[in-house]
Amino acid sequence: MKRIITAAASLYLGAVAAFTQTKMEELNPVDPADALVELSTTMGDITVELYNDTPLHRDNFLKLVGEGYYDGVLFHRVIDQFMVQTGDPNSKDAPAGARLGSGDPSYTIEAEIVYPRHYHKYGALAAARTGDAMNPEKRSSGSQFYIVTGTKFTERQLEVADMKKRTKALQDYFQKLAYEHRDSIQALQQAGDHERLEALRQQLIKETEEKVGAETLPENIKADYATIGGTPHLDGGYTVFGEVIKGMDVVEKIQKAETDAADRPKEDIRIVSAKIVKKNN
């Protein structure tokens, strides 16, 4: 009798272990480094690959997909030849005409901007965020993301874009230094010491130019923006954490949708479901 009870107990414990393992596999069906995400939308299916060198965004995206967070959300902001945006949980049951774009899971994600390795080429998957004035650290929304469509650029247009990007980088860095030296600047202004104030300004200009440098767009990025297109002015400002590997024809259809004054499609376009699949399946 004792042996029968022991055998039954072993079978029971084995069944519990198998059940637990099955549940763990259901929650984490694929190694994050080997995962793709399939988005089934009302206009077709889109498959995205996530970058492993943006692990905070990758793991957060997979977590939300596994929880069903994206099931039912709308593409609430769509701009032709720019991008399509989704991920606002408030959009699931939003009435027609409601302004969307402020919903999130009540947290943000530290920026993982890996430029120039990842950039806003056609098909790039990137995290939405609030603007620099409110968000100088460029932290990403906890759930909202966009897929780049953009447009193709001529060589001259890329030169102009490059110049604008460098000008903004110089301005941003100079302002950062000025903020760090704000007490000294204020003291010199109050003392009316224009000579030393100008000397400090020139020092900060020199530091800025040395830091920012005179880098231009790498040739591979120029080639992509010229041949497949994208949105180069967003580079360095938002975290790009993946790309579409199948279904850009669906994204194209979404970006062509008729929209209202707030860029919301007049007829709802939604993610019906999202699931994690293994690469090379």
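Numbering runs from 1 along each chain as its sequence is written, and side-chain values rest on heavy atoms, with hydrogens and water left out. Since the model is predicted, local features need pLDDT of at least 70 and side-chain atom pairs count only at pLDDT 80 or more, while totals for chains, interfaces and linings use all residues.

Helices here are DSSP runs of H or I with at least four residues, strands are runs of E with at least two, and both are numbered from the N terminus. The 26 residues of α3 (155–180) should span 38 Å at 1.5 Å a residue, and the end C-alpha atoms do sit 38 Å apart, which agrees; the expected span is 1.5 Å times one less than the number of residues. Within α3, Leu158, Ala161, Asp162, Leu170 and Leu177 are buried, where buried means under 20% relative accessible area, exposed means over 50%, and partly exposed falls in between (1.4 Å probe, protein chains only). The cover over these buried residues includes α5 (194–212) and α6 (219–227), with contact taken as heavy atoms within 4.5 Å.

Helix α3 also turns up at the largest pocket, where it gives the largest share of the lining, 13 residues. Pockets and cavities were found on a 1 Å grid over the protein atoms alone: a cavity is a set of points where a 1.4 Å probe fits but cannot get out, a pocket is an open set with protein on both sides within 12 Å along at least five of seven lines, and lining residues have an atom within 4 Å of a point. The largest pocket holds about 1400 Å³, a volume being the space filled by probe spheres set on grid points joined across faces, edges and corners. Of its 37 lining residues, Lys165, Lys168, Ala169, Asp172 and Gly236 lie nearest the centre.

The largest cavity comes in at about 70 Å³, and helix α2 (55–67) gives the largest share of its lining, three residues. Among the residues lining this cavity are His57, Phe61, Tyr70, Ser143 and Phe145. The second largest cavity has about 40 Å³, and its lining includes His118, His120, Asp235 and Gly236.

Phe61 and Tyr70 show up again in the largest nonpolar core, which has 32 residues; together with Ile46, they have the most contacts inside it. Such a core is a set of buried Ala, Val, Leu, Ile, Met, Phe, Trp, Tyr and Cys residues joined through side-chain atoms within 4.5 Å.

Lys121, in the loop between β5 (108–109) and β6 (124–127), counts as buried at 18% relative accessibility. Leaving aside neighbours within four places in sequence, Lys121 contacts residues including Tyr51, Asp224, Tyr225, Ile228, Gly229 and Glu243. Lys152, in the loop between β8 (145–148) and α3, is exposed, with a relative accessible area of 52%. With residues up to four places away in sequence not counted, Lys152 touches Gln157, Tyr225, Ala226, Thr227, Ile228 and Gly229.
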